[in-house]
Amino acid sequence: QSSGSSGINAEYGVAYTKEGNGMIKVNGVPIDLLEPSALRYKVLEPILLLGKKRFEGVDIRIRVRGGGATARVYAIRQAISKSLVAYYQKFVDETSKKEIKDILLNYDKSMLVADPRRCEPKKFGGPGARAKYQKSYR
């Protein structure tokens with residue numbers, strides 16, 4: 001069993017990969033029934049890029065929580081990609097892992113590399129991190 005995780009700010013996705021028959025579920029729901037349907041192709045990108053053949057021998061269970069719809073979809077797709085790379089490194093061979101990694105990175109770096117941006121803490125003298133209260137002379 002191998003896992004891959006991802007997340008930007010509020011959302012977090014963890015994928016568990018093990019030997020199986022090609023079943024991919026997100027929070028217990030098959031990936032084909034994922035909502036919103038407009039973003040379903042974004043989640044299926046790693047599968048479409050790498051081909052169904054690479055996913056036939058593995059079962060992937062993904063848990064995702066927090067964040068909005070789009071952020072969740074990106075967390076799921078990153079978790080799928082990372083966990084498949086980890087699975088191939090651990091249980092298959094290094095050359096096929098490198099091949100998968102190169103295909104994913106050439107298509108979209110965000111599939112394997114997490115977004116480093118974080119929320120900046122609020123400071124005094126204003127309502128937010130950078131904005132300052134309006135100044136008045138009268």
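N21 sits in the loop between β2 and β3, where helices (H or I, at least four residues) and strands (E, at least two) are DSSP runs numbered from the N terminus. The model is a predicted one, so to speak of local features takes a pLDDT of at least 70 and side-chain atom pairs count only at pLDDT 80 or more, while totals for chains, interfaces and linings use all residues. Residues are numbered from 1 along each chain as its sequence is written, and side-chain values use heavy atoms, with hydrogens and water left out.

Setting aside neighbours within four places in sequence, N21 is in contact with E56, V58 and D59, contact being heavy atoms within 4.5 Å. E45 is another matter: it is 24 residues from N21 along the chain, and the two C-alpha atoms are separated by 19 Å.

With a relative accessible area of 43%, N27 is partly exposed. P36 belongs to the loop that links β4 (29-30) and α1 (40-50). Just after α1, G51 also has a positive phi, of about 90°.

As for strand pairing (DSSP has to find at least two bridges between two strands), β5 has two partners to report. Strand β2 (residues 12-19) pairs with β5 (residues 58-65) in the antiparallel sense, over eight bridges. Within that pairing, A15 has I62 of β5 as its bridge partner. Strand β3 (residues 24-26) runs parallel to β5, and three bridges join them. Here K25 stands opposite R61 of β5.

On the helical side, α1 has a set of buried residues: V43, L44, E45, P46, I47 and L50. In general, an α-helix has 3.6 residues a turn, so residues three or four places apart point the same way. The cover over the buried residues of α1 includes β3, α2 (52-55), α3 (69-91) and α4 (94-107).

Zooming out, the protein chain has four helices and five strands, and from the N terminus on the elements run β-β-β-β-α-α-β-α-α. Its radius of gyration is 19 Å, well over the 14 Å that the globule rule gives for 138 residues, so the chain is more spread out than a compact globule. The radius is taken over C-alpha atoms, and the rule is 2.2 Å times the number of residues to the power 0.38. Along the principal axes, the C-alpha atoms fill a box of roughly 75 × 30 × 25 Å.

Buried residues account for 36% of the 138 residues. Of the contacts between residues at least 6 apart in sequence, 69% join residues at least 24 apart. The accessible surface of the chain comes to about 8800 Å², and 54% of this belongs to carbon and sulfur atoms; areas come from the Shrake-Rupley method with a 1.4 Å probe, and for residues only the protein chains shown count as cover.

Finally, the charges: there are 26 positive and 14 negative side chains, and the centres of the two sets lie 12 Å apart. Lys and Arg count as positive and Asp and Glu as negative, with His and the chain ends not counted. Each charge is placed at NZ of Lys, CZ of Arg, CG of Asp or CD of Glu.

Methods. Buried means under 20% relative accessible area, exposed over 50%, partly exposed in between (1.4 Å probe, protein chains only).
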